[in-house]
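Hi,

Here is the structure I promised to pass on. Have a look, and then read my notes below.

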Amino acid sequence: MITELIKNGYFREVTTEGRKEWILQSPVRVVIKADVLKGLKAAYPLHEETGGILYAYPVNGDLIVTRFTILPNQLGPTERKTGYKPLGSETERNKALLSGALPIRFHSHPVEIYENPYDRQPLTFFQKTSVADRHNSYLPITAEGYTIVLPDGLLSANDRLATDIRFYLYGGLVAPDSLKALLTSEKVYIYFALAATFLTLFFSGPRKAWSIFLVAAIASVLVFIIEKRPTGTTNTDNDLIISIP
């Protein structure tokens, strides 16, 4: 299956840390079917992390997620509030591959935990990945003799009672490691550009300030365009379509 997917343009080869790996060829669309989203919402716990494997089937250049499996969290009651260690991950990944699907790992961020209760955090907290999350999103899997790296998924609520959920893709050498980190870094860049403009205005006058502003504006647009940012939209069937540029 992997050989055929490579021939069909789903993967491209890269070299990381001296080893050859295959990552998703972008742009690519990951379509999570409405029934899967309903199932994820039903399986989403408020007080502890959970996760599992999405079955992403290659169809006409897209990856269509039509099923998923929740894997038990091996951590204890306290640890699982802020961590997830799946049981049977390798077995489930092999099942997905045998069924003709690519296995996409995912885990959740709960809305009620001791360290970061929802009411005390901005919504973007749930777009942030931990160091362990980012590390795990680069862990390769072996399939049919190929070393493959796929992005991971993050499941989170967008309200305190989890009446609605959001799903993001991160890492895997094709998506941002953290949407929160990406947004923060862009804000810092813009603030720096504005500060440079005002300092130039104060010390060198409006003509040079306009030049600095123009350069900063162009650079900001380029950063926004070049940066890979998955965008999620919903179609008429309520499927979530995540496009990775």
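Which side chain meets that of Asp62 in a salt bridge? The partner is Arg29, at 2.8 Å from N to O; a salt bridge here is a side-chain nitrogen of Lys or Arg within 4 Å of a carboxyl oxygen of Asp or Glu. Asp62 sits in strand 5 (residues 62-70) and Arg29 in strand 3 (residues 28-32), so the pair ties together parts 33 residues apart in sequence. (Strands are DSSP E runs of at least two residues, helices H or I runs of at least four, both numbered from the N terminus.) Asp62 is buried, with a relative accessible area of 15%, while Arg29 is partly exposed at 35%. Buried means under 20%, exposed over 50%, and partly exposed in between, with a 1.4 Å probe and protein chains only.

Before you go on: this is a predicted model, where local features need pLDDT of at least 70 and side-chain atom pairs pLDDT 80 or more, while totals for chains, interfaces and linings use all residues. Residues are numbered from 1 along each chain as its sequence is written, and side-chain values use heavy atoms, without hydrogens and water.

The salt bridge count comes to 6. Another one joins Arg80 and Glu48, with the closest N and O atoms 3.7 Å apart. Shared partners also link Glu17, Arg19 and Glu21 into one network. Within it, Arg19 and Glu21 meet at 2.4 Å, N to O; Glu21 is buried at 2% relative accessibility, whereas Arg19 is partly exposed at 34%.

Cheers
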